[in-house]
Amino acid sequence: MDRKVVIFDHPLIQHKLSILRDARTSTKDFRELVNEISMLMLFEATRDLPTEDIEVQTPVGLAECKQIAGRKMAFVPILRAGLGMVDGLLKLVPGARVGHIGLYRDEETLQPVEYYCKLPKDIEKRDVFVVDPMLATGGSAIDAIGQIKLRKPRSVKFLCMIAAPEGLEKLKEAHPDVDIFCAGLDSHLNENGYIVPGLGDAGDRIFGTK
């Protein structure tokens with residue numbers, strides 16, 4: 001079944017994204033903004049979680065409430081830039097497990113090369129959120145999701161800050177059963193495979209490296 005693609009138009013997300021793009025934004029502020037945008041995106045990405053009715057005793061009476069119906073979650077950042085999104089996600093879902101997938105892009109072929117994969121042992125019982133600030137050529141996201149699917153999780157969703165049309169289309173084609181959430185959709189990729197206008201190298205800006 002084809003799943004949905006969500007490009008956020010919420011004013012808070014768009015405002016924070018504009019500061020994130022700015023070349024003058026400091027490493028500290030950039031890192032905090034990535035966390036904040038990740039939290040805001042997770043609200044929509046978890047909208048379809050099932051709930052169950054419970055009763056809660058308040059100081060003045062009995063309340064009919066809802067809680068998440070026992071679903072377990074896992075966040076899997078694509079190293080290294082994806083790490084910048086994890087703290088924000090864990091603030092909302094502190095009980096989630098965190099896996100890691102390490103990929104780097106071959107500068108000549110622009111294809112992803114995997115060097116690390118460590119996932120929760122019970123991943124087949126979990127709804128997995130793969131996170132990476134940038135969806136450029138799509139190669140890293142496609143490969144990471146493919147590796148996770150081999151472990152048969154309950155579901156997989158992908159969250160990113162900014163996507164290029166080329167990468168978005170490739171990801172949709174490779175994994176049509178995966179919901180995709182993006183804070184922004186940009187114009188195109190340049191000859192070096194970077195998103196235009198983008199925000200530069202997300203990993204370098206999160207960790208203050210060059």
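In the predicted model, Lys157 has Asp179, a residue of strand S11, as its bridge partner. This bridge belongs to the pairing of S10 with S11, in which the two strands are parallel and are joined by 6 bridges. Together with helix H5 (residues 165-174), S10 and S11 form a β-α-β unit of right-handed sense.

Strand S11 also pairs with S1 (residues 5-7); these strands run parallel and are linked by 3 bridges. Here Val6 is partnered by Phe181 of S11. Most of S11 is covered, since 6 of the 7 residues in this strand are buried.

The largest nonpolar core of the model comprises 35 residues, and the members that touch the most others are Leu20, Met41, Leu42 and Leu159. At least two residues of this core are supplied by each of the helices H1 (11-21), H2 (27-45), H3 (83-92) and H6 (202-207), and likewise by each of the strands S4 (72-79), S8 (126-131), S10 (155-163) and S11 (179-185). Helix H2 provides the largest share, with 7 residues.

When neighbours within four places in sequence are set aside, Leu42 is in contact with Phe75, Leu89, Leu92, Val93, Phe129 and Leu159.

Conventions. Residues are numbered from 1 along each chain as its sequence is written. This is a predicted model: local features need pLDDT of at least 70, side-chain atom pairs count only at pLDDT 80 or more; totals for chains, interfaces and linings use all residues. Side-chain values use heavy atoms; hydrogens and water are left out. A nonpolar core is a set of buried Ala, Val, Leu, Ile, Met, Phe, Trp, Tyr and Cys residues joined through side-chain atoms within 4.5 Å. Buried means under 20% relative accessible area, exposed over 50%, partly exposed in between (1.4 Å probe, protein chains only). Helices (H or I, at least four residues) and strands (E, at least two) are DSSP runs, numbered from the N terminus. Contact means heavy atoms within 4.5 Å. Two strands pair if DSSP finds at least two bridges between them. A crossover is right-handed if, with the strands pointing away from the viewer, the path from the first strand over the helix to the second runs clockwise.
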